[in-house]
Amino acid sequence: MTELRGLHPKLTLSVLYDSNVVYTSRPSYTSNPWLEPAEHQSNFLTGRELLIANEMPVIVHEASVTDKLSQLFDAIGFSIPDSIYRFHDQESYESLIQHLALNEDKKIYFQYVHGDEVLDAAHYALNKETFIALNNKARIEEWTGGRYLPRRQIVTLEDFDGVIKEWDFPFVLKPGDDLPTAGGYGVMICYDEADLEKSSRRIHQAEEATQHIIIEQKVEAVANYCVQYAYSDELGLQYLGTAEQLTDRYGFYKGNQNVKDVPQKVIDAGREIMELGVEKGFFGVAGFDLLLDDQNEVYAIDLNFRQNGSTSMLLLEPELNEGYHKFYSYISPCDNTHFFETILKYVKQHVLFPLSYYDGEWYTSEAVPSRFGCIWHASSKEEVEQLEAQFLAELEG
């Protein structure tokens, strides 16, 4: 394996993909009622994998690779890779993808599927139909072999209002079609009638894009794991590790933390799912959201046959302080200069590991808060909590 300059991760993306493959983690600019991150957040996502990409070319927004990122990477002995392609808006992004595919014979590995108007399916590195099918929440039973499932029912939008009356709270609602979701944005947890009324409005507002809704038993979990694997023909199937997901009571993503002593039955369940995906033609990195309840039963609630937010944290584990690790991202609550200077201070203390920085100062015609993706790493959870509280207080101050 070719190693990153100064870094020694468990695995890099260029080990998994052919040299003619280019990676993009940006969601499509096309509207999707179940995945509506702000434009700046979508642009910010493009820099998340730079430290694990190694020689794999990555499409990155220009604001994610400014001198600010160079300074942060320099503090950990790294520099921005040369193998990146830059864009600055929708037109330049889509034109770049089309140029790479049509003029340079590149294959594109998408984190989120794009419409055929952007790029024909023939130019996908991973078969587009396979990619869509594996990430369709309604088809999860196929990819689990019918195991590890909470009680669930898939209904048409027309039948939803009648069927839902037969369910007792709490339950979970999810779109049951091909549109991608992320960060818990497409998950609606209902504890009472007020939650159901709010979710029903949202479901019916999306009726032009979604024909089916999944109703699912809410599992009372004692642990919420994201179990991750990688596969290529050369590498074979490899377990990358497990991160524990941090969410609020409504399922919205709040980051990940490392976890020790993952039950073997959780790891085995994830491996079974990955093997089924590989049989269908999947290759690359995948992470599966698996819950463990108080009866020690494993439940698969979401299958992400794509990289996850915590993938970098797992792969960069050899570079992090031994102890507790937390993956998270921040939006500047203050002026961008103070935001950056505070971040750099903690990075130089070797307790905050930088992954990405979206530079709001790149924009000259509008005020844009900067964004920062990172890993806290210290000897214990208590130490990280103390450091993070101090960090946030300094930002506010």
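Methionine 313 sits in helix H10 (residues 311–315); helices (H or I, at least four residues) and strands (E, at least two) are DSSP runs, numbered from the N terminus. The model is a predicted one, in which local features need pLDDT of at least 70 and side-chain atom pairs count only at pLDDT 80 or more, while totals for chains, interfaces and linings use all residues. Residues are numbered from 1 along each chain as its sequence is written, and side-chain values use heavy atoms, with hydrogens and water left out.

With a relative accessible area of 2%, methionine 313 is buried; here buried means under 20% relative accessible area, exposed over 50%, and partly exposed in between (1.4 Å probe, protein chains only). Contact is taken as heavy atoms within 4.5 Å. Apart from neighbours within four places in sequence, the residues in contact with methionine 313 are Ala243, Asn256, Gln257, Asn258, Leu320, His325, Lys326, Phe327 and Ile375. The C-alpha atoms of methionine 313 and proline 9 are separated by 9.6 Å, although the two residues are 304 residues apart along the chain.

Tyrosine 324 belongs to strand S14 (residues 324–331) and, at 9% relative accessibility, counts as buried. Its side chain and that of glutamine 257 are joined by a polar contact of 2.5 Å. A polar contact is a pair of N or O atoms within 3.5 Å; within protein, one must be able to donate a hydrogen and the other to accept it, and residues adjacent in sequence count only if both atoms are side-chain atoms. Beyond four places in sequence, tyrosine 324 is in contact with residues including Asn258, Trp376, His377 and Val384.

Arginine 48 is found in the loop between helix H1 (39–44) and H2, and is buried, with a relative accessible area of 14%. The side chains of arginine 48 and glutamate 49 make a polar contact (2.9 Å). Not counting residues up to four places away in sequence, arginine 48 touches Gln111, Gln307, Asn308, Gly309, Ser312, Phe327, Leu355 and Ser356.

Some backbone geometry also deserves a look. Most residues other than glycine have a negative phi, and most peptide bonds are trans. Asparagine 54, in the loop between helix H2 (50–53) and S2, has a positive phi of about 60 degrees although it is not a glycine; at 9% relative accessibility this asparagine 54 counts as buried. Asparagine 296 lies in the loop between strand S12 (284–293) and strand S13 (298–304) and has a positive phi of about 65 degrees, but asparagine 296 is partly exposed, with a relative accessible area of 39%. The peptide bond from phenylalanine 169 to proline 170 is cis, with omega near -5 degrees, and proline 170 is located in the loop between H7 and S6.

Strand S2 (residues 58–61) and strand S3 (residues 84–87) pair in the parallel sense over four bridges; two strands pair if DSSP finds at least two bridges between them. Phenylalanine 87 in S3 is the bridge partner of histidine 61. Together with helix H3 (residues 67–74), S2 and S3 make a right-handed β-α-β unit, right-handed meaning that, with the strands pointing away from the viewer, the path from the first strand over the helix to the second runs clockwise.

The buried residues of H8 are Asp195, Leu196, Ser199, Ser200 and Ile203. They cover an arc of only 130 degrees around the axis, which puts them on the same side of H8; the arc is that of the directions from the helix axis to the C-beta atoms. On the other side of H8, Ala194, Glu197, Lys198 and Gln205 are exposed. The cover over the buried residues of H8 includes helix H7 (157–163), strand S6 (171–175), strand S7 (188–190) and strand S8 (212–217). At the start of H8, a side-chain oxygen of aspartate 192 comes to within 3.2 Å of the backbone nitrogen of alanine 194.
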